Amino acid sequence: MVKPINTLLFDFDGTLLDTNELIIQTFQHVLGNHYPGKYERVDILKFLGPTLHESFNSVNPEKTEIMIQEYRAWNIMMHDELAKEFDGVSETLNLLKAAGMKMAIVSTKKKDMVLKGIELLDVDGIFDVVIGMDDVAKTKPDPEPILLALEKLEAEKENALMIGDNYHDIEGGQNAGVRTAGVSWSIKGEEFLQNYHPDFMLHHISDLFEIIKQAEN
């Protein structure tokens, strides 16, 4: 028997807030300084999703820390100029909260940067819990951050849905034993996400209403 959905766990960047251009331009800035002409936009797509340590370690472990410092400095400076919400996000989240949903952010970013991004949305009081990379020992796709969010929400995994734009979100949700939803507006594309077999695919964030309704029947 399918359990109703009363808990929504959201990735943040690329799912609720469109930070794709911000992230790409930040990587271009940092990598361009260290490796001029080596990294094109298409080469940077693989860095969207993993932690900064994972991404820069794959480039040059000896320069990881300095490149992370440069990344964060430029990213903070350009954040509010380049980041914006995806269509319908604030409106939909407010309606879901009014309907009684428990909601949390589960991100691979540092918590302070997630909170900075939340300020660009009209979602005061919407999220009961925010989990960043500094709250856990292991990030998605490890189940730890998702299970921590459920614990803090006092929610059951059988009633939860993890929503995200990258394979880390889908695999993380599967590893934690919750249902999963990909978002078709992922910069990596719907076809890429379908390879990881999410339970649902959103084409607009308001599709969540129908998914929740179906789970109740």
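Reply: Start with Glu154, which is placed in the loop between H7 and strand S6 (160-164). Here helices (H or I, at least four residues) and strands (E, at least two) are DSSP runs, numbered from the N terminus. The model is predicted, so local features need pLDDT of at least 70 and side-chain atom pairs count only at pLDDT 80 or more, while totals for chains, interfaces and linings use all residues. Residues are numbered from 1 along each chain as its sequence is written, and side-chain values use heavy atoms, with hydrogens and water left out.

Glu154 is not a glycine, yet its phi is positive, about 55°. Its relative accessible area is 70%, so Glu154 is exposed. The cut-offs are under 20% relative accessible area for buried, over 50% for exposed, and partly exposed in between (1.4 Å probe, protein chains only).

His197 also has a positive phi, near 55°, and is a residue other than glycine. Its loop runs between helix H9 (190-194) and strand S8 (200-202). His197 counts as exposed because its relative accessibility is 61%.

Pro141 lies in the loop between strand S5 (129-131) and helix H7 (144-153). The peptide bond from Lys140 to Pro141 is cis, with omega near 15°.

For a buried case, take Thr7. Thr7 belongs to strand S1 (residues 7-10). It counts as buried because its relative accessibility is 0%. Neighbours within four places in sequence set aside, its contacts include Leu150, Leu153, Ala155, Asn159, Ala160 and Leu161. Met101 and Lys102 are also among them. Contact means heavy atoms within 4.5 Å.

Next, the whole chain. The protein has 10 helices and eight strands. Buried residues make up 53% of its 217. Take contacts between residues at least 6 apart in sequence: 65% of them join residues at least 24 apart.

The radius of gyration is 17 Å, which agrees with the value near 17 Å for a compact globule of 217 residues. That radius is taken over C-alpha atoms, and the globule rule is 2.2 Å times the number of residues to the power 0.38. Along the principal axes, the C-alpha atoms fill a box of roughly 55 × 30 × 30 Å.

Last, charge. There are 20 positive and 37 negative side chains, with the centres of the two sets 4 Å apart. Lys and Arg count as positive, Asp and Glu as negative; His and the chain ends are not counted. Each charge is placed at NZ of Lys, CZ of Arg, CG of Asp or CD of Glu.
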